[in-house]
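Welcome! Let us take a walk through this structure together, one region at a time.

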Amino acid sequence: MRNIYYMIWSDAIISFKKHQPDRTNWKFTLFVYITWIHALNWWIIFIWLKYFDVLNIPLITIDVFISDMINKFVAFTIMFALPFGVLNYFLVFHNNRYKKIIQKYRDVKLRYAPIYSFTIALGAFITAVLYGLLT
């Protein structure tokens with residue numbers, strides 16, 4: 001069975017290099033983009049577990065900056081994006097593992113990265129709206 005996580009990465013890397021071959025910062029761009037998509041995915045799961053009282057993990061609060069919005073963004077980044085940033089780095093980019101991933105999953109017929117990204121973005125939007133209406 002193929003690993004969906006690596007198929008998403010392989011599709012994203014191959015598509016990015018195909019459509020923007022001159023960009024030299026493709027690693028950083030894809031790393032940030034996919035890390036944020038994974039963070040949104042974790043946020044969706046977290047919100048629904050909290051809503052149904054399955055698991056209620058308290059959110060991190062930060063009061064370092066003047067703006068409340070910046071404090072919430074930094075807290076979201078630490079709680080949801082940082083764990084996936086570490087995972088993505090070690091599972092994909094450490095020791096150039098992405099080369100092996102591309103080699104192994106280059107023959108994938110379905111475009112996993114845009115489907116995953118769109119689904120998670122739509123799911124996050126629906127979750128935010130529903131959670132706001134239900135609470």
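**A buried threonine and its surroundings**

With a relative accessible area of 3%, Thr127 is buried. Keep in mind as we go that this is a predicted model. You will find Thr127 in helix α5. Which residues does Thr127 touch, leaving aside those up to four places away in sequence? They are Trp43, Ile44, Ile47 and Trp48.

Let us stay with helix α5, which spans residues 112-134, and bring in helix α1, which spans residues 4-19. In general, two packed helices are described by the angle between their axes and the distance between the axes. Here the axes come within 7 Å and cross at roughly 110°. Angles of 65 to 115 degrees count as roughly perpendicular, and α1 and α5 are therefore roughly perpendicular to each other. On the α1 side, the contact is made by Ile4, Met7, Ile8, Asp11 and Ala12; on the α5 side, by Tyr112, Ala113, Pro114 and Tyr116. Sorted by class, the contact of α1 with α5 has eight nonpolar residues, one charged residue and no polar ones.

Now turn to the aromatic rings. The count comes to 16 aromatic pairs. One of them joins Trp26 and Phe93: this pair is tilted, at 6.4 Å centre to centre and with 55° between the planes. The pair links distant parts of the chain, since Trp26 belongs to helix α2 (residues 26-51) and Phe93 to helix α3 (residues 68-93), 67 residues apart. Are these two residues buried or exposed? Both Trp26 and Phe93 are buried.

Compare that with the pair formed by Tyr89 and Phe90, which is edge-to-face, with 5.0 Å centre to centre and 75° between the planes. Tyr89 is partly exposed, its relative accessible area being 37%, and Phe90 is partly exposed as well, at 45%. To see how rings can join up, look for the cluster in which ring pairs link Trp9, Trp26, Phe31, Phe93 and Tyr98.

Most residues other than glycine have a negative phi. Asn95, however, has a positive phi of about 55° although it is not a glycine. Asn96 is found in the loop between α3 and α4 too, and its phi is near 55°, again a positive value in a residue other than glycine. As for accessibility, Asn95 is exposed, with a relative accessible area of 64%, whereas Asn96 is partly exposed, with 33%.

Note on methods: Residues numbered from 1 in each chain as written. Predicted model: local features only at pLDDT ≥ 70, side-chain atom pairs only at ≥ 80, totals over all residues. Heavy atoms only, no water. Axes fitted to C-alpha atoms, helices over the stretch in contact; angles between N-to-C directions. Helix = DSSP H or I, 4+ residues; strand = E, 2+ residues; numbered from the N terminus. Parallel < 35°, antiparallel > 145°, perpendicular 65-115°, else oblique. Contact = heavy atoms within 4.5 Å. Nonpolar A, V, L, I, M, F, W, Y, C, P; charged D, E, K, R; others polar. Phe/Tyr/Trp six-rings, centres within 6.5 Å; stacked < 30°, edge-to-face > 60°. Buried < 20%, exposed > 50% of the residue type's maximum accessible area, 1.4 Å probe, protein only.
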